[in-house]
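Student: I am new to this structure and would like to learn how to read its features one at a time. Could we begin with a single residue and then widen the view?

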Amino acid sequence: MNQSSAGQQSSELCAWIAFWAQLVVLAVLAVIGAAFASEDRAPGDYACGLLLSLGAIALAFMQLKNRFDGGAADWASFLLVDDMANLLAVIVIFTVLGLAGLFIAAGFDHGGLHDAGVALFAVSGLAVFLSMKHVFDKADRTR
């Protein structure tokens, strides 16, 4: 009886540490974004740094709200879609965002906007493929 109680307390402690560790990572990203914005060396550095900082803060608050609402603790169920109708919308939106990122990156030789355009393209592709995997994995589980 004591071993199962100790195992449960250990898993609760690990879940608690994991939750706060992801908030610490998001806080570090917010600080990095603010530092990048404050240097403002190349065109777009200020805007990109500010967007990174605000995005990390928004994700932290959304994850905190999800935790208090009793939602799932994993990022996949929090950020990815679950059905085909929403997958179609995700594919269209992120394809447009990815192409916009390529055009932004092509407009600048170096600097924050070039890097942000490439990153937007990469993250858009990753979001589409991870959402597709999540939808099809969920469909396979329900069969």
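Tutor: Let us start with His134, which has its place in helix α5, residues 112–142; helices here are DSSP runs of H or I with at least four residues, strands are runs of E with at least two, and both are numbered from the N terminus. Please keep in mind that this is a predicted model, in which local features need pLDDT of at least 70 and side-chain atom pairs count only at pLDDT 80 or more, while totals for chains, interfaces and linings use all residues. Residues are numbered from 1 along each chain as its sequence is written, and side-chain values use heavy atoms, with hydrogens and water left out.

Student: Is His134 buried or exposed?

Tutor: A residue is called buried under 20% relative accessible area, exposed over 50%, and partly exposed in between, using a 1.4 Å probe and protein chains only. His134 has a relative accessible area of 14%, so it is buried.

Student: Which residues does His134 touch?

Tutor: A contact means heavy atoms within 4.5 Å. Not counting residues up to four places away in sequence, His134 touches Ala76, Ser77, Leu80, Val81 and Asp82.

Student: Where is Val135 found, and which residues is it in contact with?

Tutor: Val135 is also found in helix α5, and it counts as buried because its relative accessibility is 3%. Leaving aside neighbours within four places in sequence, Val135 is in contact with Val81, Asp82, Asp83, Met84 and Leu87. The C-alpha atoms of Val135 and Met84 are separated by 7.0 Å, although the two residues are 51 residues apart along the chain.

Student: What can be said of Asn66 in the same way?

Tutor: Asn66 lies in helix α2 and is buried, with a relative accessible area of 16%. Setting aside residues up to four places away in sequence, Asn66 touches Gly71, Ala72 and Phe78.

Student: What is the phi of Asp40?

Tutor: The general idea is that most residues other than glycine have a negative phi. Asp40 is not a glycine, yet it has a positive phi of about 45 degrees. Asp40 has its place in the loop between α1 (2–39) and α2 (45–68), and its relative accessible area of 43% is why it counts as partly exposed.

Student: How many aromatic pairs does a search of the whole structure find?

Tutor: Rings of Phe, Tyr and Trp (its six-membered ring) pair if their centres lie within 6.5 Å, and planes under 30 degrees apart count as stacked, over 60 as edge-to-face and the rest as tilted. The search of the whole structure finds two aromatic pairs. One of them joins Phe19 and Trp20 edge-to-face, at 5.3 Å centre to centre and with 75 degrees between the planes. Phe19 counts as buried because its relative accessibility is 6%, whereas Trp20, at 40%, counts as partly exposed. Ring pairs link Trp16, Phe19 and Trp20 into a cluster.

Student: How many helices and strands are there in the chain, and what is its radius of gyration?

Tutor: The chain has five helices and zero strands. The radius of gyration is taken over C-alpha atoms, and the globule rule is 2.2 Å times the number of residues to the power 0.38. A compact globule of 143 residues would have a value near 15 Å, but the chain has 19 Å. Along its principal axes, the C-alpha trace spans about 65 × 40 × 20 Å, and buried residues make up 22% of the 143 residues.
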